[in-house]
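Me: I'm new to reading protein models, and I'd like a close look at one spot, with the rest of the picture built around it. Can you walk me through it in plain words?
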Amino acid sequence: MTTDKTNSGGIEGSVARRLPDFFRWITALGAVSAVFVLGWIFWEVFEEAKPALEEYGLGFLTGAHWQPNRDRYGVLPFLVGTVATAVIALLLAFPPGLAIAIFLSEDFLPRTAREFVRFVVELLAAIPSVVYGLWGIFVVVPLIQSLGTWVTERFGHLPFLSGPAYGNSLLTAGVVLALMVLPTITAISRASLVAVPRTLREGAYALGATRWEAILGVILPTAAPGVVAATILALGRAMGETMAVAMLIGNSSRLSWSLFAPSGTLASLLANQFGEAEGMQVAALMYAALVLVALTLAVNFAGEAVLRYTERRTAGIR
Amino acid sequence: MDNPLTRAEDFFKEDGIDSSKLIGRSLGNRLLTGLCIALSFAALVPLASILYLVVKNGLPLLGWSIFTQLPPAAGMTGGGFGNAVIGTLLMVGIGLALSGPPGILAAIYICEYEPGGRLASITRFTAKLLTGIPSIICGVFAFAAIVLATGKFSSLAGGVALGVLMLPTILLTSEQALLGVQRAYREASYGLGATRFQTIRRIVLPEAMPAIMTGVMLAVARAAGETAPLVFTALFSQFWMSSLMEPTASLAVLIYNFSIVPFEYQVKMAWTASLVLVLLVTATNVTAQLVFSKKH
């Protein structure tokens, strides 16, 4: 601020002298508008959800039936579907995601091979959600259908594997989601692995550790909070992912525990029903959107907090 | 390879200390390395499958006419998705026009005016929160704010949804771009008697511009592929658009709509649209990286 006043010279005149302050206000306006947008989103969704909030209260979260024709709304099946698909996706994506992160942060293979794998992972992140959905319809759905038939015939007595098996199911959505969150896990894990101080790594080698003893005994434990943060942030992404899930999960609003049964998530519910919703259904969907926002924000918040903790922890060692 | 590990192993071997254990350790080491590399390349399989199918199923219909004609009615064949290409470009354009200026300006405020200030930290926090919000919520917001308010599904609503989606990306990447400008440049500028505004306009912005453009293009690429914010804001249309206030087609929604119908030709068209969309997104991404790497 002070520098603005010390010099604007006679050359550029009085308008130019005022301009700097003016520009400062414009940039501040930009900053305020970003904050305003977030507030506006919350206000708008909350305002539209109000009728449903007043009508159903917290029972909305535990209600197991979503029946627009009878104005009966409970979001539990979708809550279960959201958490279940996200957890399946993480279980499937975590091992390869972490393996790739380790692979990219160590020197197993020459740089070109690593760059190639990195490019591939970035490409995975760049493919649009609908394209995953389209691919899933033609590749993953038939695969899960035949796998499901085989499994449910043999292990159908277990509640999680009971039949009949459908191609569009919880598991199908989970499998495709796994591909979609893999880049998130890899990128953040890799960053925290690379940030492990050299001295720790070299110390382990100096004590006679093999490469994997160093990785498992020293490097991974040091980077662990970062890997945890990566997993949490990936969970947040998986819960909010919409189109691929809406195309693959079968969009049933019946509560079911089987991996091979059609299900639904909060996001797929919104995608399917908003276009044709009227009256109380709009309010109920807005309420569901509010639940989804709360869920993802809580998860992301936790992820960011862990990430910041990691940065602080490793900042001390050099 | 001159590796401290192998040297240590050799040392122990020569002394004959517990060599059986050493073999086990070395074997475990190789096994885990192999597993790690195998898992890394396993990620290639689905990606290769996606790319192969998109190209194989998408190529047959790809031709000039697909960009100049309208989508066929249900069960019919022929036609193209010219209106969807235009709709995608238009809505991404609206989103960019709405989110670009405030995003970049906010980044300038955060980095150049009040880096440690209260508004700056609130803005930064807000942007982080916004990146965590699922893209469909941007659609829900635009539905509430525009569709319900005007009573119409429209490309304006779609553009607003994409704008909200792009804002945090543009803001945060611009911030990184500005942070990348060396402190010495600013100090030299002040030392020569420039005002803060002159420093920002003549030194900092030109220096950070390639990186800012990269961020903007990454945001554009992401928005172009997004379906969730458009599916109930812009909806879809079989026709050329004539105003901002009517349902508008987009490539992403076309893929969604046509992939779940029982007509073979429409499904083929969904694949072709996927090919076009993947090419569009990848080209934007690659251009963004090139613009960035040219400078650094």
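What is the relative accessible area of Glu122(A)?

Reply: Glu122(A) has a relative accessible area of 42%, which makes it partly exposed. The cut-offs go like this: buried means under 20% relative accessible area, exposed means over 50%, and partly exposed is in between (1.4 Å probe, protein chains only). Keep in mind that this is a predicted model, where local features need pLDDT of at least 70, side-chain atom pairs count only at pLDDT 80 or more, and totals for chains, interfaces and linings use all residues. Residues are numbered from 1 along each chain as its sequence is written, chains are lettered from A and ligands numbered from 1 in the order in which they are written, and side-chain values use heavy atoms, with hydrogens and water left out.

Now, who is Glu122(A) paired with? The side chain of Glu122(A) meets that of Arg118(A) in a salt bridge, at 3.9 Å from N to O. That term stands for a side-chain nitrogen of Lys or Arg within 4 Å of a carboxyl oxygen of Asp or Glu. Side chains of opposite charge can pair when their charged atoms come close. Arg118(A) and Glu122(A) both sit in helix α5 (residues 111–126) of chain A, 4 residues apart, or about one turn of the helix. Helices here are DSSP runs (H or I, at least four residues), as strands are (E, at least two), and both are numbered from the N terminus. Arg118(A) is also partly exposed, at 33% relative accessibility.

Glu47(A) is partly exposed at 32%, and Lys50(A) is partly exposed at 33%.

Hop over to chain B for another one: Glu187(B) and Arg183(B) form a salt bridge, with the closest N and O atoms 3.1 Å apart. They are separated by about one helical turn because they are 4 residues apart in helix α8 of chain B. Glu187(B) is partly exposed at 44%, whereas Arg183(B) counts as exposed at 62%. In that helix, α8 (residues 183–191), you will also find Ser189(B), which is buried at 7% relative accessibility. Leaving out residues up to four places away in sequence, Ser189(B) touches Ala194(B), Thr199(B) and Ile203(B); contact here means heavy atoms within 4.5 Å.

Back in chain A, Glu106(A), Arg201(A) and Arg211(A) are linked in a network of salt bridges. Over all chains, the search finds 12 salt bridges.

What about between the chains? The count between chain A and chain B is 1 salt bridge, and the side chains that meet in it are Glu114(B) and Arg24(A), 2.8 Å from N to O. There are also 6 residue pairs in polar contact between the two chains, both residues being at pLDDT 80 or more. A polar contact is a pair of N or O atoms within 3.5 Å; within protein, one must be able to donate a hydrogen and the other to accept it, and residues adjacent in sequence count only if both atoms are side-chain atoms. On the side of chain A that touches chain B, helix α2 (residues 13–56) gives the largest share, 20 residues.

The contact takes 81 residues from chain A and 79 residues from chain B. Together the chains bury about 7200 Å², 79% of it on carbon and sulfur atoms. In chain A, Leu134(A), Trp135(A) and Trp212(A) lose the most area to chain B, together 8% of what that side buries. Buried area is the accessible area (1.4 Å probe) that two parts lose on being put together, summed over both.
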